Amino acid sequence: MNYYLRMKEKFENLRQKKDVLILAVESSCDETSIAIVRNGRDVLSNVISSQIEIHRRFGGVVPEVASRNHVLAISNVFEDAIKEAGIKKEDIDAVAVTYGAGLMGALLVGVNFAKGLAYSLDVPLIQVSHVHGHIAANYISHKSLIPPFMCLMVSGGHTALLNVEDYNKMSMLGSTVDDAVGEAFDKVARVLGLPYPGGPEIEKVAQGGEKTYNFSVSKSLNKTYNFSFSGIKTEVVNLVHNKKQKNEEIDVKNIAFSFQDCVTDELCSKASRAIKNYNAKKLVVAGGVGANTMLKNKLSKMCDDCSVQFYAPILKYCTDNAGMIASMAYFMMKDGLGLARLDLTAKPNVELR
Ligand code: KG4
Ligand code: ZN
């Protein structure tokens with residue numbers, strides 16, 4: 001029997017198994033991560049080797065450099081993840097991997113490592129979308145969280161409102177028509193002379209600032225659940241360039257604060273409308289920008305005001321990690337979804353649905 005046919009049977013059996021250990025591989029951007037998670041909720045290990053320091057000197061992620069560093073790191077990350085979990089390789093029931101969205105070369109390193117591992121252990125391979133993984137970061141952060149809920153996805157590559165009806169059933173109410181919110185944070189940080197990645201840096205300097213600029217987002221999308229952040233980004237870029245031309249001081253703290261305040265207001269107001277119109281009882285934030293304290297405070301207050309429960313991933317699961325991929329893989333497996341063949345390849349873009 002060939003690998004896939006054998007795995008179909010094993011995959012089907014896993015759905016009934018009491019304790020399922022999934023090892024996941026994540027390499028979509030500049031973090032090489034391998035995690036081992038039991039039953040989609042208990043993280044036994046979640047090893048992350050970050051390349052941030054390497055890419056910082058370039059002001060952003062250089063794809064080719066990222067791929068090479070994944071190759072260098074992945075075997076050690078794997079050994080560490082096994083050791084930290086205190087298990088034997090043979091205990092692993094399935095291997096999961098981020099197959100997209102992300103950087104093609106970076107993803108390929110993880111996909112091929114995962115394929116080799118799944119084949120050698122003779123266990124099923126599960127393909128997971130990175131964005132769905134970000135949602136699952138909440139399942140490992142909050143053990144009792146179950147769908148349905150409204151999800152505000154705020155990552156470096158996506159910004160969307162998703163009505164999550166079940167683990168594997170969701171519909172997108174709206175998304176960004178241009179820049180993702182994380183991308184806007186990164187670009188604004190860059191023009192302000194702050195290092196990569198920009199989001200946490202903006203948050204840091206904004207702590208000493210106040211709202212002295214009235215930035216705005218496009219009103220034309222007000223009646224939709226779509227977002228646009230390229231306008232405000234350009235507004236900040238133009239402001240900074242004008243000031244530089246006039247030899248004026250760049251008011252980094254106040255610009256950062258005013259930008260962050262405007263963007264988080266917009267996210268909060270659209271999430272609030274979605275909650276009310278869909279009568280949601282829970283709001284879940286997902287993705288790297290979910291680490292932002294001002295955003296979490298605004299969402300939390302808004303949820304309190306309308307008796308909705310608010311969830312955000314614990315900080316270490318906000319940005320890229322394999323724990324969230326292992327969790328998502330478990331809930332896919334439970335619904336019989338995601339079993340991959342050995343010709344699985346990476347996809348730079350995966351449709352968010
Ligand atoms: O969700 P993520 O891993 O990106 C994608 O999967 O695309 O998160 C990375 C993004 C970056 O744009 C980073 O600047 C942003 O999340 N980010 C933040 C914060 N921490 C990370 N943005 C605002 N405030 C933060 N504290
Ligand atoms: Zn991510």
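Me: Of the 18 residues around ligand 1, which come nearest?
Reply: Bear in mind that this is a predicted model, where local features need pLDDT of at least 70, side-chain atom pairs count only at pLDDT 80 or more, and totals for chains, interfaces and linings use all residues; side-chain values use heavy atoms, with hydrogens and water left out. Residues are numbered from 1 along each chain as its sequence is written, while chains are lettered from A and ligands numbered from 1 in the order in which they are written. A residue is near a molecule if one of its heavy atoms lies within 4 Å of it. Of the 18 around ligand 1, the nearest are Gly 157, Asp 186, Glu 203, Gly 288 and Asp 320.

Me: Which helix gives the most to the shell around ligand 1?
Reply: Helices here are DSSP runs (H or I, at least four residues), as are strands (E, at least two), numbered from the N terminus. H5, H6 (181–191) and H7 (198–206) each bring at least two residues to that shell. With four residues, the top contributor is H7.

Me: What is the sequence spacing of the zinc donor residues?
Reply: The zinc ion (ligand 2) is held by NE2 of His 130, NE2 of His 134 and OD of Asp 320, at 2.0 to 2.1 Å. Donors are N, O and S atoms within 2.8 Å of the metal (3.2 Å for Na, K and Ca), and since water is not among the atoms, sites may look incomplete. Along the sequence, these donor residues follow H-x3-H-x185-D.

Me: Where do His 130 and His 134 lie?
Reply: Both histidines count as buried (under 20% relative accessible area; exposed is over 50%, partly exposed in between; 1.4 Å probe, protein chains only), because His 130 has 8% relative accessibility and His 134 has 3%. They are four residues apart, about one turn of the helix. That helix, residues 130–141, is H5.

Me: Which side chain makes a polar contact of 2.6 Å with Thr 98?
Reply: Thr 98 sits in strand E4 (residues 94–100), and it counts as buried because its relative accessible area is 0%. A polar contact is a pair of N or O atoms within 3.5 Å; within protein, one must be able to donate a hydrogen and the other to accept it, and residues adjacent in sequence count only if both atoms are side-chain atoms. At 2.6 Å, the partner of Thr 98 is Glu 26.

Me: What is omega for the cis bond joining Pro 147 and Pro 148?
Reply: Most peptide bonds are trans. Gly 100 and Ala 101 are joined by a cis bond with omega about -5 degrees, and Ala 101 is in the loop between E4 and H4 (104–121). Pro 148 falls in the loop between H5 and E6 (149–154). For the cis bond between Pro 147 and Pro 148, omega is about 10 degrees.

Me: Is Asn 247, with its relative accessible area of 73%, buried or exposed?
Reply: Asn 247 has a positive phi of about 60 degrees though it isn't a glycine. Its place is the loop between H8 (230–245) and H9 (252–277). With 73% relative accessible area, Asn 247 is therefore exposed.
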